Amino acid sequence: MQRGGRAARRRAPAPLVARALRKRFGSTIALDGVDLTVSGGEIVGLVGPNGSGKTTAILAVTGLLGLDAGHAVVAGHPAGTLAARRAVAYVPDEPGGLDELTVGELVELVLTLHAAGERGRRRARALAESLGLHRRWQDRVGALSRGLRRQAALVAGLALDVPLVLVDEATAALDPEAVVVLDEAMQARARAGAGVLLATQDLHFAERTCHTVVVLAAGVVVAAAEPRALRSWHGAPTLEEAFLAETGSGLLRERVRHELAAL
Amino acid sequence: MSWPLSEACLRVEARRLAARACAAPLVAAVAACAWLGSSALALRAGSTAAHALSPLLLDLHVARVVVLSLALSASAAGAALGLTAPGITALGGTLAAAPVPPRVALAAVASARLTAVTLLAAPPLVAAVAPVAVAGPGGVLAGSALVAALCACAVAGASLAELALRLVRQRIIRRADAISAAIALSAAATCECAASGVAGSAPASVTALLASVAVGVLGARTWLDAALERPVAMPGRGRGARQRWRRILPVLESAALAVLLRAPDIRLALATGAGFGLVGMGAASVAGDAGSGLLLAAGVAALAAGLAPLSAGGRVELARWAWSAASPGRAAAGWAVASGLAMTAALAPVVLVAGVLGATMPAMLQSAHAAVVVGAAALVAGAFVPRRAAGLGDDAAALAAFVTVVALFLAGGEAARSRLAAFGVAEAIGMCLWLLLACTVAVGALRRRVRLA
């Protein structure tokens, strides 16, 4: 049974194939020919400086943002179509919106729209209990802190049994315990055959969690490899050092220190 | 329609209204009284007007002017509602990306607000319009046709506003724009039929009724498509613009003006006011009455542009750390000047066109008087009930405060005018004194808001 399932997963289309994504906001180029592939069971981390195009890439995959050129295919369907939306769970950076709903109502609404069934509800309850969010189940989302609102969005998104999970700014505003739960939940989704694409500024988290790290800078993919390979290319002890070398900011610390000392 | 999503949106809007009412029970009580009072007053005014107008409505020209005034207001209201309706991003990322067709999701978000606005606005409007239409030569059928035509005009206004937005942002979609223009023309033709119906033609009323349904359905669908494809504003060169203002205005006024003019909802309100004011002037000029046309057009423009002064109190609160550096009086004066300039930006083209079309000086002075009353009332209302652009509850409370203050201003103005006339003071001087008092009250109220912030 399990072997049959694995074979089916191998035959299933990749959760995400994006080619030559281009997006421009006025004179600002947000994405400039970005290629991304997320295979089943793989966790891919998008890292890059602020404004490098991580969120834009994720929004393009959800279909919430139109592209100027290029295409993204989610589980065999063009991004943004109803079939592609059914295949995506999206956890945004800023979980605003229907803030007057309670946590329970919000999670239930997301599960209902995705036709998640009883299994999804059990998963949501388990995640909420792991995060301690079940104690705030009847609280309105708008009354919670940003970290707790993000936890509510994580519960809603990671409870879904879909081929592709998108998590923007994965660890932003989360406490260490919530980060552990998030890590385990994403690993569980990957073990179940889903692809995970996350954007993060937390390089330690990316190094620990991601199978592949894609470095974006000014809308261009400057490197895409396993974290270990990235470190070894630059002979860097940590992914942070490798990241600074990839984005051309290797001497940043020395330069800032020098400039501030000169003032 | 996705019922779970629509139901959630309705629940959220209801809770927002309730939360606003609980946060400010006094304002909520005043708003409820204003709502009930306005319905009763509208019924009385409608009944009075019905007696006066019913013989006049036999004249097609008069019926046309009445229907045109109402249709223009309905179109402006529709445009304002459509442009300020929240997009699907208001659902939050997770729900916006859910497997619901975008058109259905937008309908769910917009219908919640539309339902609430309709429930709030319909009773006083129907109370005012129905007696006039029913007492007229066309009877109940003409009244129904007029209400349907006004609904169609509101939808056409929303669709036309999307077309204007695409033109401004240079994102023309030929087919969609042609459909929007056709809907606007059809709405105008429907109004002509409704006017004939009000003047006594039963077949015209039936035609208006059927055409209104068709225009409404097609217009709603076109609006949904257009709103989904609404082009985003490209990042502007804000710094450059501010530098230009600073050459003319002091720093406080230029900063306040920048804050007001860069808020998308205020920009849209100003553009809507100017647009519908110009359309109204054009229509009045075609009807051959530029004088009363200016008052109507300037009134519509001032009401839409009044969002700028209405939002001033809330905007002060948003950046209280910045304004606390100046004295409250100075900051309040800066915001009042900036609000006035923003309103002037919307009114100036209307007055200019009216001047070209031959509007008289008394009509211009009356329009300026109306604009100052609206601006001052909006400043006072916004200072007491800050509009923070935080959803329907917030907007409804600010709007109720605005209506209440306008009513108080008008009643106070009328009492002051008769009292001053008894003392032998000329009407023009009395009017100026009253306006000066209104502006002083407005700046004083804003000063209080700055101090509290």
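**Talking through chains A and B**

Modeller: Chain A has an open sheet of 6 strands in the order S6-S7-S8-S3-S9-S10, with mixed pairing. This is a predicted model, where local features need pLDDT of at least 70 and side-chain atom pairs count only at pLDDT 80 or more, while totals for chains, interfaces and linings use all residues. Residues are numbered from 1 along each chain as its sequence is written, and chains are lettered from A and ligands numbered from 1 in the order in which they are written.

Colleague: What makes S6 and S10 of chain A edge strands?

Modeller: Two strands pair if DSSP finds at least two bridges between them. S6 and S10 (220–225) of chain A each have a single partner strand, so one side of each lacks a neighbour in the sheet. Strands themselves are DSSP runs of E, at least two residues, and helices are runs of H or I, at least four, numbered from the N terminus. On average, neighbouring strands of this sheet are turned by 15 degrees against each other, direction ignored.

Colleague: Why do S7 and S8 of chain A count as a pair?

Modeller: Between S7 (residues 164–167) and S8 (residues 195–199) of chain A there are 4 bridges. The rule asks for at least two, so they pair. They run parallel, and Val167(A) has Leu198(A) as its bridge partner in S8(A).

Colleague: And what lies across S3, S7 and S8 of chain A?

Modeller: Helix H7 (residues 176–191) of chain A does, at about 145 degrees to S8(A). Axes are lines fitted to C-alpha atoms, for helices over the stretch in contact, and angles run from 0 to 180 degrees between N-to-C directions.

Colleague: Over to chain B. What makes its radius of gyration agree with a compact globule?

Modeller: The radius is taken over C-alpha atoms, and the globule rule is 2.2 Å times the number of residues to the power 0.38. For 453 residues that comes out near 22 Å, and chain B has 22 Å, so the two agree. The C-alpha trace of chain B spans about 70 × 65 × 45 Å along its principal axes. Chain B has 18 helices and 0 strands.

Colleague: Which residues does Val134(B) contact, beyond its neighbours within four places in sequence?

Modeller: Gly139(B), Val140(B) and Gly143(B). Contact means C-beta atoms, placed from the backbone, within 7 Å.

Colleague: Where do the domains of chain B run?

Modeller: Domain 1 is 1–234 and domain 2 is 248–453, with bounds from an automatic or database domain assignment. Their C-alpha centres lie 24 Å apart. 30 residues of domain 1 of chain B are in contact with 25 of domain 2. On the domain 1 side, H3(B) gives the most, with 12 residues.

Colleague: How many residues does each chain bring to the contact between A and B?

Modeller: Chain A gives 26 residues and chain B gives 20. H4(A) gives the most on the chain A side, with 4 residues.

Definitions and conventions. Two residues are in contact if their C-beta atoms, placed from the backbone, lie within 7 Å.
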